[in-house]
Structures are given as C-alpha cells and as structure tokens.
Amino acid sequence: MLIYRKTVPTTVKDQLWNSFVKIALVPQHLFMAIQIDNYFQIEARFTHNQRWEMKVSETLLKRSSTRCYLPKPVEREKIERLLELARHAPSGANTQPWQVAVVTGEKKQELQTQLEKAFWQGKPSQKDYNYYPEEWVPPYSRRRTNCGMQLYSALEIERHDMQRRKEQWAANYRAFDAPVMLLFFMDAVLAAGSYLDYGMFLQSLMLVAVEEGLATCPQAALAEHPDIVRQYLNYPDNMILLCGMALGYKDETAPVNLYRTPREEVADFARFF
C-alpha cells in the first residue's frame with residue numbers, strides 16, 4: 001500500500017471525486033483511491049481483468065447502509081458467491097441457523113407491494129421477536145435520534161414534513177428499490193445464541209458484498225409483517241423472520257448515501273483489566 005498525505009500524483013488525483021471512492025485507470029494497473037481525512041490511500045493490487053483484493057479492515061470502513069441503488073441487476077453468480085463465502089461464518093456447535101430467501105424481479109415487486117400496502121393501510125407490526133426495546137433510554141435514545149436526524153438532513157426533509165417522512169419510511173418495504181431483497185429465516189426451536197450466530201453470518205455477507213463491488217442495507221423493517229412474507233414465499237409458521245437486507249449497486253451520487261453515522265470511541269465501550 002502506498003500512502004500519499006495531502007497530495008497524490010496528478011494523473012490519479014484528477015480522476016477522483018472528492019470524498020468518494022473512485023476507481024482510476026492508469027497504465028497497466030487499476031488503482032483504488034480512498035480519501036480519509038487529509039490523506040489518500042492508493043491501492044495498486046490488481047491489473048486488468050483481475051479481482052480487486054481488499055483487506056478486512058478496509059471493507060469494515062467502506063461498508064455502509066446504502067439507501068439508494070442503481071437500476072442494475074445483480075448477477076446470480078455474484079449472489080451465490082456471497083452466500084458461498086458467508087456460510088463459513090461461525091456458529092455455536094456448528095448449528096448454522098441461517099435460511100435465506102433471495103427475492104428478485106417480479107417476485108420482489110409483488111412482495112414489496114404487499115408490504116408497502118400494509119404500511120400505508122396502518123396495519124400494526126407483528127414481528128416474530130422484539131428487535132428494539134419497548135422504552136428507549138440514554139444513551140441509546142440519543143443515538144437513535146441522531147441517526148434519524150442525519151438521514152432526514154441528507155434528504156432535506158424538514159421535521160414537520162410528516163408526508164415526506166412517511167414516503168421515505170415506505171421505501172424500507174421496497175428494500176430501497178435495490179434489485180435484490182434478501183430475507184433471513186431461522187427455525188423457532190433455536191434459542192438466543194443462534195441470534196448471535198446469525199449476526200456473524202450477516203456481517204460476513206455484507207463484507208463480502210463490499211469485496212464484490214456491491215452495497216447492502218440490513219433492515220429490521222422487512223420483518224415487520226412476517227406472516228405476509230411467509231405466506232407469499234411459502235415458508236412454514238415455525239420459521240422466524242429475523243430481518244431483511246437490500247442488495248445492489250450503490251448510487252454514488254444520491255444524497256442519502258453521502259453521510260456516515262458516527263461510532264463511539266474505544267475508550268467509551270472497552271475496559272482493560
């Protein structure tokens with residue numbers, strides 16, 4: 001890796017978008033340039049027609065919850081590759097609790113229409129489990145509020161504009177118009193430990209997606225009406241719907257994709273003994 005602080009070669013810098021990830025084509029190589037604070041990291045690790053190899057630490061920083069996608073289908077081979085790699089996630093006693101529904105095309109259109117209709121009709125959420133607490137307390141309430149404020153600020157939606165807020169929330173049920181909606185099921189006979197296992201599977205899936213040039217957004221909203229989903233996809237009642245995920249190619253120009261939520265400092269959550 002080559003680190004250029006504040007300045008980079010003109011042939012590369014001229015082809016970058018400020019503060020965005022951009023692939024620049026230069027003789028013999030493709031370079032990945034990522035602007036972080038006041039320096040650029042320039043990756044020169046692959047040539048034409050070769051896969052871009054990215055470190056885990058880079059994928060962790062590059063992954064974000066994407067809420068606007070290009071109208072470009074995702075190749076089935078890529079989706080299968082994501083699942084092929086994510087299945088190697090650890091699980092207690094190797095239980096591998098994940099069951100995944102990959103929904104695209106007309107099936108996705110039909111299912112999202114039913115889910116969005118339920119939202120606009122005011123149908124109460126009937127989740128299989130409580131994802132969020134019934135009562136929010138600090139510091140979680142503060143983080144939740146700030147997260148929402150960042151989203152609406154990026155979209156220039158005023159606090160009092162309830163109609164636009166509802167329209168934005170309704171986009172959840174369309175998986176933000178991504179070409180792929182992933183839905184994650186788990187056998188109800190399993191216990192709390194399998195929820196932890198599933199989290200490792202989902203993180204693995206999202207990181208591999210970054211490596212494949214894809215974007216994701218994990219979504220609790222897609223599990224608000226599990227009966228609709230189970231009935232439409234013909235899953236049995238003993239299968240818990242944990243969550244969903246949007247998958248597709250990120251629209252790099254969409255304002256909703258340009259902000260990042262902050263994270264607490266290590267000193268705020270770790271204790272060393």
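Analyst: Helices (H or I, at least four residues) and strands (E, at least two) are DSSP runs, numbered from the N terminus. The model is predicted: local features need pLDDT of at least 70, side-chain atom pairs count only at pLDDT 80 or more, and totals for chains, interfaces and linings use all residues. Residues are numbered from 1 along each chain as its sequence is written, and side-chain values use heavy atoms, with hydrogens and water left out.

User: How many helices and strands does the protein have?

Analyst: On that definition, runs of both kinds are found in the protein. The count is nine helices and eight strands.

User: What percentage of the residues of the protein count as buried?

Analyst: Buried means under 20% relative accessible area, exposed over 50%, and partly exposed in between (1.4 Å probe, protein chains only). Of the 273 residues of the protein, the buried share is 38%.

User: How are H4 and H6 oriented to each other, roughly parallel or roughly antiparallel?

Analyst: Axes are lines fitted to C-alpha atoms, for helices over the stretch in contact, and angles run from 0 to 180 degrees between N-to-C directions. The axes of H4 (residues 105-120) and H6 (residues 162-170) come within 10 Å and cross at roughly 150°. Angles under 35 degrees count as roughly parallel, over 145 as roughly antiparallel, 65 to 115 as roughly perpendicular and the rest as oblique. H4 and H6 are therefore roughly antiparallel.

User: Which residues of H6 meet H4?

Analyst: Contact means heavy atoms within 4.5 Å. H4 contributes Glu 116, Phe 119 and Trp 120. Their partners in H6 are Gln 163, Lys 166, Glu 167, Trp 169 and Ala 170.

User: At what angle do the axes of H4 and H8 cross?

Analyst: H8 spans residues 226-233, and its axis comes within 10 Å of that of H4. The two helices are roughly antiparallel, because of their crossing angle. That angle is roughly 155°.

User: Is Gln 219 buried or exposed?

Analyst: Gln 219 lies in strand S7 (residues 215-219). Its relative accessibility is 2%, so Gln 219 counts as buried.
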